[in-house]
Amino acid sequence: MNNAGLDENAQPVTRRMNLARNTTRDANELTGIARGVLADGALNQTEAEFLLKWFDERPESLAVWPFNVIFQRLSDALEDGQLDAEEERDLIELLLDFTGGGSTDGAVASRASTLPLNSPEPEIEFEGAHFCLTGAFATGSRKECEREIADRGGMPKPSVTKKTSYLVIGNVGSTDWANTTYGRKIEKAVMLRDDGGQIAIVSERHWAEALG
């Protein structure tokens, strides 16, 4: 059998490259749309329904994180046909984090480059491990993410200590993490890691994949 034109996952190289290009294009487009609808600091029913329709028209992107998570959160919020105040606040926080809080430079994927993530990414083991979360998470609310950890035998903690096994940075993070309200946790984790501590700094994407 001729394997020419296939990648390591036996997928056509051309299709894989096209999907990557389309995902980057969609990320940039969604960033612009989200900034536009949030310009007035609100997200109304019509705008939320427009965003959901935008995702419906791009089914391939729904296989890619965090598009799949944002789509699911929108779907859940609009399932009963009514966007309430709590759902609006939750979606605004999610979309602001996706767009980098109003940053004007590049797509969301580029924001990971300035974060001090462990490389290579470590295997995440939940049983008995201490987890600290920082930033806003596309996967769910803080309580929901902490429950996912606890359900797998891990221990969610509010702050970084010498016992912390993993610091998880929500939704890729921010290019100016050192100046944000949650950057102090990252700085402390970096200090502990540089001093030989056991702590690993990982992205939400990597953590979410470990959830299975």
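1. Strand E3 (residues 166-169) and strand E4 pair in the parallel sense over 4 bridges, where two strands are said to pair if DSSP finds at least two bridges between them. Within this pairing Ile169 stands opposite Ser203 in E4. The model is a predicted one, in which local features need pLDDT of at least 70 and side-chain atom pairs count only at pLDDT 80 or more, whereas totals for chains, interfaces and linings use all residues. Residues are numbered from 1 along each chain as its sequence is written, and side-chain values use heavy atoms, with hydrogens and water left out.

2. From strand E4 (residues 200-203), Ala200 and Val202 point one way while Ile201 and Ser203 point the other way, and all are buried. Buried here means under 20% relative accessible area, with exposed being over 50% and partly exposed in between, for a 1.4 Å probe and protein chains only.

3. The protein has 7 helices and 4 strands, and from the N terminus on its elements run α-α-α-α-β-α-β-β-α-β-α. Helices (H or I, at least four residues) and strands (E, at least two) are DSSP runs, numbered from the N terminus. Of the 212 residues in the protein, 42% are buried.

4. Helix H2 (residues 45-56) has 12 residues and reaches 17 Å from its first C-alpha to its last, close to the 16 Å expected at 1.5 Å a residue; the expected span is 1.5 Å times one less than the number of residues. Its buried residues are Gln45, Glu47, Ala48, Leu51, Leu52, Trp54 and Phe55. As a general point, an α-helix has 3.6 residues a turn, so residues three or four places apart point the same way. At the start of H2, a side-chain oxygen of Asn44 reaches to within 3.1 Å of the backbone nitrogen of Thr46.

5. His130 is found in strand E1 (residues 130-134) and is buried, with a relative accessible area of 15%. Leaving aside residues up to four places away in sequence, His130 touches Met155, Lys157, Lys163, Thr164, Ser165 and Tyr166, contact meaning heavy atoms within 4.5 Å. Across the protein, residues 24 or more positions apart account for 73% of the contacts with a separation of 6 or more.

Technical notes
Polar contact = N/O pair within 3.5 Å; in protein donor to acceptor, adjacent residues only side chain to side chain.
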